[in-house]
Each structure stands twice: as C-alpha cells, then as structure tokens.
Amino acid sequence: MRSYGIKNFITTPHVLGDVYPNSSTLIKEKLNVVQEAIAKENIQDVTMRAAAEYMMDEQFVSLLEKDDILTLKDNYILVEMSYFSAPFNLFEILFEIQLKGYKPVLAHPERYNFYHADMENFYKLKKVGCLFQLNLLSLTKQYGAQVQKTSSKLLQENFYDFIGTDTHHDMHLELLKEIGTVKTQQSIAHLLENNRVFQ
C-alpha cells in the first residue's frame, strides 16, 4: 500500500460479539506491536493509528454508553450493519451516537443489498446525519456487479463523504490495481481530500 502512495493508515478491526471479540485494549496493544515492527524496519514515512469498525448491535450500544469507543479521529465513529438486514432500531442507534457527541460514519453503504431497490433508503440515512464511507474495493468486481453498480451510482449522486480501502490481503491489493486509472482518481479526488480530516 505504501508503494501505491498510501502512507497514513487507520486500521479498523471489526468489533462484533463472539465473531470478532476485539476490545479497545486489545486493539491498542496490537497497534503497538505493528508500530514497533514499522520502527524496526526503519520505515519513517508511514503513520499508523487504530480505530474500529463497530457492528451496530446491543454490544455496541453498551460500549457507546460507557464511551469505550475508538474513533477514526476526534468524534468520528466507523459503524456497520448486517448485510442481511438493518437493525430494527437503526435510527435510534444513530440518534444515540449523535446524542453522545459522535458522528456516525457508515462503512460501505453500497454493500447493503436490502437498500439497493430504493435509493430513498440512502437519502433517509443522510438526512439524519449519517456520513458515508465508500469501500474502494466496491468499485471492482470483488463484491459483484450489483454492489459495483450501486457504488458508482452513490458516487455520481455525491453521497459519499470519505473513502477506505477495506484491504485484507494481497489479492485485494491486486484488485486495486485494476481501478488505478486517471478516471477513478478524478471521481474519488474529493473523497481523498475529505480523508485529510483524519490526519
């Protein structure tokens, strides 16, 4: 990723019940391990911070109540929901996030298939103050034609506020090369600029 010109990183491990039982303490500990490895390799032009990607469930609500939250920066929280359906109390959770003084950043809205049939769903989320983060891999074939189409549509409609890579392994890096075009750069330039808020 450094060879692609990406040098400021915010890792966002999942926090999801027993599936990804990551705590703020554990994430910070692992961040230290990575930072020490970077220093040992004498890589001086890379910064590494850690936040988390929170599933909006009961556990998250509990963490929110205790202010046990790792933010992208300041008061920005990266959140997600199940790919099968939105939480029944989604708008209540978003309200609680903002009531606590945080700003919800919804990860990869284009991947929630249950919203694809009606763009009004996305309008409602934006209207209640939800920020959107585009998953860069959604512009590739990684998640299928429908997600690719929806991400392009949301990009054209200027719904996105930020961008993330969602890169998990080398194969994802190879996919990113496919969209490393001038056209893609132009279409996401404003999002890359917005990302500076996290530096």
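A salt bridge needs a side-chain nitrogen of Lys or Arg within 4 Å of a carboxyl oxygen of Asp or Glu. Buried means under 20% relative accessible area. I kept in mind that the model is predicted.

**Whole chain.** I counted the secondary structure: seven helices and eight strands. The radius of gyration is 17 Å, close to the 16 Å from the globule rule for 199 residues, so the chain is as compact as a globular protein of that length. I read the span of the C-alpha trace along its principal axes as about 50 × 45 × 30 Å. I noted that 42% of the 199 residues count as buried.

**E53.** I then went to E53, which sits in strand β4, residues 53-55. Which side chain of opposite charge is nearest to E53? It is R111, 6.9 Å away. A salt bridge has to be within 4 Å. I therefore logged E53 as buried with no salt bridge, given that R111 lies 6.9 Å away and the cut-off is 4 Å.

What does the side chain of E53 join in a polar contact? I found the side chain of H108, at 3.1 Å. Leaving aside neighbours within four places in sequence, I listed the contacts of E53: T12, P13, H14, V15, L78, E80, A107 and H108.

How values were computed:
Residues are numbered from 1 along each chain as its sequence is written. This is a predicted model: local features need pLDDT of at least 70, side-chain atom pairs count only at pLDDT 80 or more; totals for chains, interfaces and linings use all residues. Side-chain values use heavy atoms; hydrogens and water are left out. Helices (H or I, at least four residues) and strands (E, at least two) are DSSP runs, numbered from the N terminus. Buried means under 20% relative accessible area, exposed over 50%, partly exposed in between (1.4 Å probe, protein chains only). Lys and Arg count as positive and Asp and Glu as negative; His and the chain ends are not counted. A polar contact is a pair of N or O atoms within 3.5 Å; within protein, one must be able to donate a hydrogen and the other to accept it, and residues adjacent in sequence count only if both atoms are side-chain atoms. Contact means heavy atoms within 4.5 Å. The radius of gyration is taken over C-alpha atoms; the globule rule is 2.2 Å times the number of residues to the power 0.38.
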